[in-house]
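Hi,

Here is the structure I promised to pass on.

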Amino acid sequence: MNDLSLLNPTERKVYECIPVGSAHPISQEQLANLVKTSRRSIAEIIQHLRHKGFLIGSSRSYPAGSGYYKISNEDEYFMCIGMLAASRDNLTQTITAMTKRHSEQGIDPNAQKKPTEGQLDLLEDGN
């Protein structure tokens, strides 16, 4: 059971607008219009909801049927986890390739700037 007390008012409103089950997902644009915010904000709110443990799936069947839904069964759960794992793997592959290229060739000295403290921390975490 989801504890709605964990949510701020905007998160709660978004969550309450999301339908149950993958048969009728709601798009980012529809959610943004209902909550009176941007599509980018909706993506961030969905991420926050998921981080809080709310089971929200997403469908990418274009053009109709794409959007978010509350996961209602094991098939929807595993489909969502599989999609998220594939996204993670794709990002890992991209990071690995870029890190390899950087370590082999560096960056054009004409374009190079001193890394910020946050960037140095990120590079240390990656090693």
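Let me start with a charged pair: Arg40 forms a salt bridge with Glu44, and their closest N and O atoms are 3.9 Å apart. Keep in mind that this is a predicted model. Both residues sit in helix H3 (residues 39-51), four residues apart, about one turn of the helix. Arg40 counts as exposed at 66% relative accessibility, whereas Glu44 is partly exposed, with 39%.

That pair is one of five salt bridges in the structure. Another joins Glu16 to Arg12, with the closest N and O atoms 3.1 Å apart. These two are also four residues apart, this time in helix H1, so about one helical turn separates them. Glu16 is partly exposed at 49% relative accessibility, and Arg12 is partly exposed too, at 35%. A further bridge links Asp89 with Arg88, where the closest N and O atoms are 2.9 Å apart; Asp89 has a relative accessible area of 43%, which means partly exposed.

Now for the helix packing. The axes of H1 (residues 9-17) and H2 (residues 28-35) come within 10 Å and cross at roughly 130°, so the two helices are oblique to each other. The crossing of H1 past H2 is right-handed.

Last, the nonpolar surface. Leu55, Tyr77, Phe78, Ile81 and Leu84 make a nonpolar patch of about 440 Å². Tyr77 belongs to helix H4 (residues 74-105) and is partly exposed, with a relative accessible area of 31%. Patch residues need over 30%, so Tyr77 qualifies at 31%.

Cheers

Key
Residues are numbered from 1 along each chain as its sequence is written. This is a predicted model: local features need pLDDT of at least 70, side-chain atom pairs count only at pLDDT 80 or more; totals for chains, interfaces and linings use all residues. Side-chain values use heavy atoms; hydrogens and water are left out. Patches are made of residues with over 30% relative accessible area and no salt bridge: like charges are joined within 9 Å, nonpolar side chains (Val, Leu, Ile, Met, Phe, Trp, Tyr) within 5 Å. Accessible areas come from the Shrake-Rupley method with a 1.4 Å probe; for residues, only the protein chains shown count as cover. A salt bridge is a side-chain nitrogen of Lys or Arg within 4 Å of a carboxyl oxygen of Asp or Glu. Buried means under 20% relative accessible area, exposed over 50%, partly exposed in between (1.4 Å probe, protein chains only). Axes are lines fitted to C-alpha atoms, for helices over the stretch in contact, and angles run from 0 to 180 degrees between N-to-C directions. Angles under 35 degrees count as roughly parallel, over 145 as roughly antiparallel, 65 to 115 as roughly perpendicular and the rest as oblique. A crossing is left-handed if the near helix is turned anticlockwise from the far one by less than a right angle, and right-handed if clockwise.
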